[in-house]
Amino acid sequence: MQNTFNVQGMTCGHCERTVTNAVKALDANAKVQIDRAQGKVVVESVQPANSIAAAIAAEGYQVQ
């Protein structure tokens with residue numbers, strides 16, 4: 001299942017890795033595409049969207 005999240009606060013490559021690692025901690029096989037300039041994170045995963053959003057938010061980012 002593919003979900004798109006609006007994520008505020010990503011400013012660098014480290015932020016992208018942090019978000020990617022948060023998603024991969026839930027689902028090691030997840031595919032994560034990040035467009036930092038647009039604040040978009042597209043995740044293809046078997047995990048529910050609310051779990052993915054919570055994992056990203058736990059790293060300190062605002063997720064919509």
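Guide: Buried means under 20% relative accessible area. Keep that cut-off in mind for this predicted model.

Visitor: What share of the 64 residues in the protein chain is buried?
Guide: A residue must fall under 20% relative accessible area to count. Across the 64 residues of the protein chain, the buried share comes to 33%.

Visitor: In what order do the elements of the protein chain run from the N terminus?
Guide: The protein chain has 2 helices and 4 strands. Read from the N terminus, their order is β-α-β-β-α-β.

Visitor: Why is the protein chain called as compact as a globular protein of its length?
Guide: The globule rule gives 11 Å for 64 residues. The chain counts as that compact because its radius of gyration is close to this value, at 10 Å.

Visitor: Which strand pairs with strand β1 in the antiparallel sense?
Guide: Strand β1 covers residues 2–8. One of its residues, Gln 2, has Glu 44 as bridge partner in β3. The pairing runs over 5 bridges, and the partner of β1 is strand β3, residues 40–44.

Visitor: Which residue takes a positive phi in the hairpin of β2 and β3?
Guide: Strand β2, residues 31–35, pairs with β3 in the antiparallel sense over 5 bridges. Asp 35 has Lys 40 as its bridge partner in β3. Between the strands of this hairpin lie 4 residues. The one with a phi near 70° is Gly 39.

Visitor: How far apart are the mean positions of the positive and negative charges of the protein chain?
Guide: Lys and Arg count as positive, Asp and Glu as negative. There are 5 positive and 5 negative charges, and their mean positions are separated by 4 Å.

How values were computed: Residues are numbered from 1 along each chain as its sequence is written. This is a predicted model: local features need pLDDT of at least 70, side-chain atom pairs count only at pLDDT 80 or more; totals for chains, interfaces and linings use all residues. Side-chain values use heavy atoms; hydrogens and water are left out. The radius of gyration is taken over C-alpha atoms; the globule rule is 2.2 Å times the number of residues to the power 0.38. Buried means under 20% relative accessible area, exposed over 50%, partly exposed in between (1.4 Å probe, protein chains only). The place of a charge is taken as NZ of Lys, CZ of Arg, CG of Asp or CD of Glu. Two strands pair if DSSP finds at least two bridges between them.
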